[in-house]
Amino acid sequence: MLCCGSHGIPYSQARRLCRVSGPGVIHALAGLANAQVNGWPMLLVGGACDQDVEGLGAFQECLQVEACRSYTKYACRPSSIQLIPMHIEKAVRASLYGRPGATYLDLPGNMILGEVASEVLTDPPCCPDPPRVLAEPPTVAQALNLLREAKRPLVIVGKGASYARAEKSVREFLESTGLPYLPTPMGKGLLPDDHPQCISPARSK
C-alpha cells in the first residue's frame, strides 16, 4: 500500500491496488489513511461477497464501503455491472483532482464474475489530466521580495513540486539564485542529493 500510494506522486497518476474481501480490505485501511493524509493519488478495488447473500453471514462479509469512507475522497459500490466504468472514472478523477488522495471501489463477487452485453456498458471518456493551479502574480512578487530581503533564506522543496513535475523550474530557480535548499522526504529526487546547494547533510550535524 505504501509503495502504491507514494508511486503516484512523481507520475501524477492514480496507483491501483486490488484486495480480497473482508480482512484484505480491512488491512488496507492504514494504507488508505496514509495516502489520504499525504495527498497520494490511489485507487483501491476490493472484492466483496455476492449481493444475494449479504446479511446472511457470508464468507468474509464486511461493511467495506462504510469502513473506507472515512479515509477516502470517494468510496462506493456500483449499483450494476453497466455502471462500473463510470465509477472507475469518477474514482480516478477524485483521486487526482484538487488535493490528491485515496479512493475506493467495492465489487461484489457476482459483479466480478457477471457478464453484460457490451452495447449497454457506459463508456465515459478517459479522465483528463487535472488542471494546474497557478499562483497569483502579486503573491509570486511578494514571495520574491521576501527572498530578496531575507538575511538567511532557505528554500524547502516539497512534494508539491514533485507532483507538479517542476524539477526543471526548481533547478533553474535555485541555480540562478544560488540559494541553499532542503528537500522534504517527498521532495527528494527533484535534484541530486550531492548537489552543492543541498544542505540535507547539515541535518545530521
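The legends below accompany close-up views of a predicted model.

**View 1**
The protein chain is divided into domain 1, which spans residues 16–120, and domain 2, which spans residues 132–204. Taken over C-alpha atoms, the centres of domain 1 and domain 2 are separated by 37 Å.

**View 1. Spans annotated in UniProt.**
An unreviewed UniProt entry lists residues 20–65 as "domain: Thiamine pyrophosphate enzyme N-terminal TPP-binding". In the model this span is 37% helix and 15% strand, and the C-alpha atoms at its ends lie 13 Å apart. The feature "domain: Thiamine pyrophosphate enzyme central", also from an unreviewed entry, is placed by UniProt at residues 140–200. Over residues 140–200 the chain is 43% helix and 10% strand, with 26 Å between the end C-alpha atoms.

**View 2. The open parallel sheet.**
Four strands form an open sheet with parallel pairing, in the order S1-S2-S4-S3. Strand S1 (15–19) and strand S3 (74–76) stand at the edges, and because each has a single partner strand, one side of each is left without a neighbour in the sheet. On average, and with direction ignored, neighbouring strands of this sheet are turned by 15° against each other. Helix H5 (residues 84–96) packs on the sheet, where it touches strand S2 (42–48), S3 and S4, and the direction of H5 makes about 160° with that of S4.

Strands of a sheet pair through backbone hydrogen bonds, either parallel or antiparallel. S1 and S2 pair in the parallel sense over 5 bridges, and Arg-16 stands opposite Leu-43 in S2. S2 and S4, which run parallel, are joined by 7 bridges, and here the bridge partner of Leu-43 in S4 is Thr-103. Between S3 and S4, which also run parallel, there are 3 bridges, with Ala-75 standing opposite Tyr-104 in S4.

**View 3. The two covered faces of strand S2.**
In a regular strand the side chains alternate between the two faces of the sheet. Strand S2 is mostly covered, with 7 of its 7 residues buried.

The side chain of Asp-106 is joined to that of Arg-77 by a polar contact of 2.7 Å, and to that of Tyr-104 by a polar contact of 2.4 Å. When neighbours within four places in sequence are left aside, Asp-106 is in contact with Gly-46, Gly-47 and Ala-48, with Gln-64 and Val-65, and with Cys-76, Arg-77 and Pro-78.

**View 4. Tyr-163 in helix H8.**
Tyr-163 is found in helix H8, which covers residues 159–163. With a relative accessible area of 12%, Tyr-163 falls under the 20% limit and so is classed as buried.

How values were computed: Residues are numbered from 1 along each chain as its sequence is written. This is a predicted model: local features need pLDDT of at least 70, side-chain atom pairs count only at pLDDT 80 or more; totals for chains, interfaces and linings use all residues. Side-chain values use heavy atoms; hydrogens and water are left out. A polar contact is a pair of N or O atoms within 3.5 Å; within protein, one must be able to donate a hydrogen and the other to accept it, and residues adjacent in sequence count only if both atoms are side-chain atoms. Contact means heavy atoms within 4.5 Å. Two strands pair if DSSP finds at least two bridges between them. Axes are lines fitted to C-alpha atoms, for helices over the stretch in contact, and angles run from 0 to 180 degrees between N-to-C directions. Domain bounds come from an automatic or database domain assignment. UniProt positions are given in the numbering used here, feature names are shortened, and annotations may be inferred rather than shown by experiment. Buried means under 20% relative accessible area, exposed over 50%, partly exposed in between (1.4 Å probe, protein chains only).
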